[in-house]
Amino acid sequence: MATEFVCVISDVDSFHRNHSFFQSSIDRSDLMHGSLVRTPSFYREKLGKVGGKECHFFSVHDQNENIPVIQRGDAFTFFDGEAVYKGAHSRQHEVEDYFVFSREARGSYCLLSYNQCHSGVVKVTNDPMGLYPVLYVSCDDFVVITNTPIWAETVLKELYGVYLRRSDEHVINEIVTGAPLDVGPYEGMRYLPFDSELTVSEKGSVVKNKRGVSYYYKSSRDEFEGLLEKAKSEICSNVLSVAKSEDYDYKISDISGGIDSRMILAAILATGTRSNFFFNTTGSYPNPDSNVGNYIIEKYSLQKCNIQDPLSKSRRGSFSDNPGRFIKTFCYASSGMKNNVARHVESKDKEVRIFKLGGGFSAYKANKSKLLSGSGNVALDQAVHLLTKGQFCIDGDRLDKVRGKVKNILHDWVVNDAMSIASALDRFHIEHRGRFHIGVCEHWGRHHGGKAHPLNSPSLVRASFSVSDVDRLNDVVTFSLMYKIFPSLVFVPIESRVWNPLAYAGYSPGVIRKLSKIKPVLRSSKRLYGQEPNVKKLVLSELDGLSVDQEKKDGFFCDSVSREVKSVSLWKRKQVRLNRKWYWAELDKVRTVFLSLFDEFYSSGYHIDSDFLEYLRRLKNKDLNEYKSIKEVLEMHCVTTLLVFIMKKEVEIKV
């Protein structure tokens, strides 16, 4: 279970302003707007002075868990997230040394420390890849640091009389680039950037790099083999530590036809821990993912599982039954940070007995530079276009502003850090797109389950940028790493593609000959495996003890009166036939919610600029059949959530 926290450094002493906030005798429901914790335990600590200001720490965690805080004398340290440290994986690390832990631990976590030396100092950082979302506001009167922005808004309003103003900039950035560009959901709120630490002292607040660009992106080709060996060690250690953990009864790794899940499997096989994991595939033959996945399960004698949640069909169906409520609870759960509605509270394994491994943060790929055509020698403006292209309804000035931000980011890296355009594009994926997509999404997921990304390896990033852009594009890093971890897996067919011959050009004639004969797996491919694998059924309702009646009570179901949509629409049937994803299939329902919100927004006289109102009108007048790309579809999803957020129409949900 995640711990929600707010740290405030201010002239106002909140205890004297509202001392009843954390007294157990009062009803705290009005003061806990923004918290997701169903059975909360409250923690408040007056840490001391920072300069002449008071520093207070507030948190909410599940009453069945301990808050991971260490306090010795004048020193205070707080941890939240999941991390591998000294060979052990845990979500409850008690951090003895802030500096050592922040340099050596891997995972998705944040650390906050207070020390009374030098008139008081607060330091906060996150994991080396910056996955854990830490947000902060710094101004003359106060500094606030949090992982739960809507609750931070409540704390500041109720205890300090400070009103944060909700913003739209982060969503506009996401629509255009796929990431908020480190902008938070409130005016003046920022994400802690990649590889950074925030220090608050009597001199003010300062954000600085921890290791710097040279560490991550400037290693030489001579260092490649050594870095690859370190990456192998880190990835295998990540997997082994989860395998050895006794915190989870069921550990599940996905198996697909792609590369990322296979890289994790390589580490599982290399560490001899296959019996510690169950393996999940999606779809059925002739789906290529299923075809390759079942072949791998058969070939390596893996235990396939099927997660069954008797309540999930009705719970997921709540979107079709009442999309308005679904979007409003999603807005609450994500603090208005629209990222991935499809993963919104699908399961509530509150005992956290199921833990999953995800294949995200694949730094070994040319994630963005693969968009370049030809030699890759393109101008900066062309690179900006690659990251921001799309037929948006956003007005030209707003679009130009976002593109200007992206251009400044790339220009800084190309000119000041002497990076190629291709390397800058791949760096953008690591520091913005991937960090937001994986970090924010998985952060909210930790409230109702657990997940780690074993490929989260600083050495892997360094190895990937120690080779040329061409080598990264041609699978040299990917192939070399998999062959180093568990060689036989490189010979297993891949969905819809094969290894680039340049990736294995330097290997033995036998390896080259064997790889040259492998064909991609398509829907038309023959079945690769024999019998259907035996399946272990994991029934969630037996794990979390929730009944249908309890689910209804908690608001996951909608009664017949409140249902907005009752049947599968013609639009959805068409999208399913086209094999399009959830966002496309539910676009008509999202648009219906948007139109309703727009009418309320317009008639209620919200104070917004005329350009934004015209933007909303353009979206309103856009017909479903005019949507041509996934970016356009996501624009409607994002703006619908944004309207809920700006209008403060979010609906509380507790997990």
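Predicted model: local features only at pLDDT ≥ 70, side-chain atom pairs only at ≥ 80, totals over all residues.
Strands of a sheet pair through backbone hydrogen bonds, either parallel or antiparallel. Here, 6 strands form an open sheet, and the pairing is antiparallel. The order is β2-β3-β1-β10-β9-β11. Which strands stand at the edges? They are β2, residues 40-50, and β11, residues 189-191. Each has a single partner strand, so one side of each is left without a neighbour in the sheet. From one strand to the next, the twist averages 15 degrees.

Now look at β2 and its partner. 10 bridges join β2 to β3, residues 53-62. One detail there: Val50 has Lys53 in β3 as its bridge partner.

Helix α3, residues 149-160, lies across β1, β3, β9, β10 and β11. Its direction is at about 40 degrees to β1.

Next, the helix pair. Two packed helices are described by the angle between their axes and the distance between the axes. For α6, residues 224-244, and α16, residues 476-485, the angle is about 60 degrees and the axes are 10 Å apart. The two are therefore oblique to each other. The crossing of α6 past α16 is right-handed. Which classes of residue make up this contact? There are 8 nonpolar, 1 polar and 4 charged residues.

Last, a single residue. Val95 sits in the loop between β6 and α2. Is Val95 buried or exposed? Val95 is buried, with a relative accessible area of 3%. Beyond its neighbours within four places in sequence, Val95 is in contact with Ile70, Thr77, Phe79, Phe101 and Leu111.

Methods: Residues numbered from 1 in each chain as written. Heavy atoms only, no water. Axes fitted to C-alpha atoms, helices over the stretch in contact; angles between N-to-C directions. Helix = DSSP H or I, 4+ residues; strand = E, 2+ residues; numbered from the N terminus. Parallel < 35°, antiparallel > 145°, perpendicular 65-115°, else oblique. Left-handed = near helix turned anticlockwise from the far one by under 90°. Nonpolar A, V, L, I, M, F, W, Y, C, P; charged D, E, K, R; others polar. Buried < 20%, exposed > 50% of the residue type's maximum accessible area, 1.4 Å probe, protein only. Contact = heavy atoms within 4.5 Å. Pairing = 2+ DSSP bridges.
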